[in-house]
Amino acid sequence: MMLRKSALQVICAVICFAALLFLIGCDDDDPVGPENTPTPTQTPTVTPTPQSSMWGFTSGRARVEVSNLTPDPIYEKESIFCLEHPTTGAWLNVRHRAGDKYQMKGALNRDYGCHGEVNYWDSQSAGNGIWLVEWEQQGLTTRTTITSPTGGTETVYMEGGAAAWRIVRHGSADVNIPAASPATVTILEVTGTPGDAIECNE
């Protein structure tokens with residue numbers, strides 16, 4: 001009699017459990033229904049702002065790391081690094097000179113129009129480390145200042161247009177002096193105020 005009662009209890013428990021499973025399966029609350037589905041977050045689409053071919057940084061700064069610079073250039077006037085504008089042809093070379101000096105020279109077009117340079121006798125010490133480049137447009141005058149890791153500072157003024165430097169890179173941007181220093185040059189930063197270059201009117 002006791003065994004029959006235990007078997008009956010087990011059968012009742014199994015029936016109740018099966019009924020419970022059946023009710024859960026028929027539940028109208030769909031856990032993946034619209035009300036429970038998380039709204040996917042939209043990844044914003046980056047739309048580049050159209051730029052004219054004249055765009056550049058009318059004022060800005062760059063940090064350039066130079067290493068493996070030899071005490072003297074292999075070829076006199078070889079360029080350690082340069083600034084340029086690809087549309088107007090504006091360029092500025094940081095030229096390596098004898099005695100581990102550097103000399104800035106540039107122009108606002110490829111034909112040396114609206115040019116400027118530091119006199120050789122005013123050239124400053126170069127060196128390995130972080131170089132700081134700063135420039136600013138004041139009317140039709142572009143002022144560019146470069147400070148070497150040794151603290152030597154040079155400034156070049158080019159009048160008659162706006163350089164709006166866009167590119168800072170290793171080597172020379174002057175097609176007449178293509179020699180590049182064998183130094184290792186790494187561009188760490190280029191930032192500034194976007195604007196348009198102005199063609200040299202010289």
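1. Basis of the model. The structure is a predicted model, in which local features need pLDDT of at least 70 and side-chain atom pairs count only at pLDDT 80 or more, while totals for chains, interfaces and linings use all residues. Residues are numbered from 1 along each chain as its sequence is written, and side-chain values use heavy atoms, with hydrogens and water left out.

2. The open sheet. Five strands form an open sheet in the order E9-E8-E7-E1-E11, with antiparallel pairing; strands (E, at least two residues), like helices (H or I, at least four), are DSSP runs numbered from the N terminus, and two strands pair if DSSP finds at least two bridges between them. The edge strands are E9 (153-159) and E11, each of which pairs on one side only. Neighbouring strands of this sheet are turned by 15° against each other on average, direction ignored, where the axes are lines fitted to C-alpha atoms (for helices over the stretch in contact) and angles run from 0 to 180 degrees between N-to-C directions.

3. Strand E1 and its two partners. E1 is joined to E11 by 12 bridges, the two strands running antiparallel, and to strand E7 (residues 129-138) by seven bridges, again antiparallel. As background, strands of a sheet pair through backbone hydrogen bonds, either parallel or antiparallel.

4. The E8 and E9 pairing. Strand E8 (residues 141-147) runs antiparallel to E9, and seven bridges join them. Here the bridge partner of Arg143 in E9 is Tyr157. The side chain of Arg143 also takes part in a salt bridge with Glu136, with the closest N and O atoms 2.7 Å apart, and Glu136 is partly exposed at a relative accessible area of 31%.

5. The structure holds six salt bridges, a salt bridge being a side-chain nitrogen of Lys or Arg within 4 Å of a carboxyl oxygen of Asp or Glu. One of them joins Arg61 to Glu189, whose closest N and O atoms are 2.9 Å apart. Arg61 lies in strand E1 (residues 55-67) and Glu189 in strand E11 (residues 184-196), so this pair ties together parts that are 128 residues apart in sequence. Arg61, at 30% relative accessibility, counts as partly exposed, as does Glu189 at 22%; the cut-offs are under 20% relative accessible area for buried, over 50% for exposed, and in between for partly exposed (1.4 Å probe, protein chains only). Arg61, Arg63 and Glu189 are linked in a network of salt bridges.

6. Arg169 and Glu84 meet through their side chains in a salt bridge of 2.4 Å, N to O. Because Arg169 lies in strand E10 (residues 167-170) and Glu84 in strand E2 (residues 79-84), the pair ties together parts that are 85 residues apart in sequence. Arg169 counts as partly exposed at 30% relative accessibility, whereas Glu84 counts as buried at 15%.

7. Most residues other than glycine have a negative phi. Asn68, found in the loop between E1 and E2, has a positive phi near 65° and counts as exposed at 55% relative accessibility. Lys77, also in the loop between E1 and E2, has a positive phi of about 80° although it is not a glycine, and counts as partly exposed at 32% relative accessibility.
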